[in-house]
Amino acid sequence: MVPEGWTTQSVGDLCNLVNGNGFKSSEWSKEGLPIIRIQNLNGSSDFNYFSGIPKKSWVVNKGDILFAWAGTKGVSFGAKLWNGPKGVLNQHIFRVEAKSGLDLHWLYLALLKVTQKVEEKAHGFKSTLVHVQKSDITEQVLPVPPLSEQKKIAQILATWDKSISKTEQLLDNSRLQKKALVQQLLTGKKRLLDENGVQFSGEWKPTTISSFLRESRIAGSSGDVAKKLTVKLYGNGVVAKDEKRAGSGSTKYYRRKAGQFVYSKLDFLNGAFGLVPNCLDGYESTLDLPAFDFLDGVSVEWFIYFVSREEFYAANLGLANGGRKARRVNPKDFLAIKIPTPSLEEQQKIAAVISLADQEITILKRNLYALKWEKKALLQKLLTGKIRVNGVTQKTQGKSEA
């Protein structure tokens, strides 16, 4: 049902799609206008340049609408608002030329909806890397409000965009502040106050990790029946292993307990470690993923924060036979690492302060997710006329939506 006062038009009725130029490597230069490629739609500032005289149809200015007809679903494919420098357009991307009677921001929003529809029929040699024909885009039909309503819709959603942008900036700032805080606290450059309000003092003593951890080797099952766990890279923790096929019955596994520290011998220096969660208590792993019990005198949270630092990895590259490409770290070498260690009370205070910073980041992430979800829902209703911005109520299925 078309809302009152609206029309239905195809994308081809609303705009022209002008393809970019297939620049050859022999035409690349180190100066001139940047060549806008698919990767630049993802935020990359790595440009090749064109120093010749471009055709008018190739030129892209800041604020132009682009439509990548080849790319990765949900990433580089579809409608993009160009916020980079003036440049020339590479192949596989259309520059959108709006016809008269259209608000450009509303058109961009409408093309975002078109992107979702076109992606459903997109095809390619991978499930995510796809391409479409020009007609797949231009033949899409849209409900089109009058120009005055287009502008109001665009203004409303621009307000949401500002809130999203502000929250993203707050999140970026909080991450930077946490990074600086972690560096100061875990190196002793910044000392906190104890329970009596007195600043901690005294030198931190280098202590081997074997003073904090003891390897656990509780015999488990064979590889064909064990419920297996694994660790994800970059500090993303311990998870259940997705078993595509049965393991070997001759492989020996060891039972792991909730709260144990587990790491990957092969990828420890890429952040492949974490604590066994309660839900994986009793799961198993081979000795390629050794597990350790925490001893008295160490704060678990402080220890995890300490070994999560990039500086910790960099300082211990020698354990991986000279670099990250080899990067197999054995328990004997891991437990022999010495780290500057404050008292247990100071460890706990440090962990508590960093945890508060983590909580702030988590809240901002949730707020950002909520704003994006709410904007997406509002976008759907505004672009279909289920919510009107000019005082008219659209009736659907016998009900009214204000």
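Me: How many nonpolar, polar and charged residues does the lining of the largest pocket have?

Reply: You read a lining by sorting its residues by class. In this predicted model, the largest pocket is lined by 13 nonpolar, 13 polar and seven charged residues.

Me: What volume does that pocket have, and which residues lie closest to its centre?

Reply: The largest pocket holds about 1,300 Å³ of space. It has 33 lining residues, and A79, K80, Y108, L112 and K375 are the closest to its centre. Two or more lining residues come from each of α2 (38-41), β8 (78-81), α3, α5 (147-185) and α9. Helix α3 supplies the largest share, seven residues.

Me: Okay, α3 and α9 are both on that list. How do I read the way their axes cross?

Reply: Start with the angle: 65 to 115 degrees counts as roughly perpendicular. The axes of α3 (residues 104-121) and α9 (residues 344-384) cross at roughly 105° and come within 11 Å, so the two helices are roughly perpendicular to each other.

Me: Which residues meet there?

Reply: From α3 you've got W106, L109, A110, K113 and Q116, and they meet K376, L379, Q380 and L383 of α9. By class, that contact has five nonpolar, two polar and two charged residues.

How values were computed
Residues numbered from 1 in each chain as written. Predicted model: local features only at pLDDT ≥ 70, side-chain atom pairs only at ≥ 80, totals over all residues. Heavy atoms only, no water. Axes fitted to C-alpha atoms, helices over the stretch in contact; angles between N-to-C directions. Helix = DSSP H or I, 4+ residues; strand = E, 2+ residues; numbered from the N terminus. Parallel < 35°, antiparallel > 145°, perpendicular 65-115°, else oblique. Contact = heavy atoms within 4.5 Å. Nonpolar A, V, L, I, M, F, W, Y, C, P; charged D, E, K, R; others polar. 1 Å grid on protein atoms, 1.4 Å probe; cavity = no way out; pocket = protein on both sides within 12 Å on 5 of 7 lines; lining within 4 Å. Points joined across faces, edges and corners; volume = space filled by probe spheres on them.
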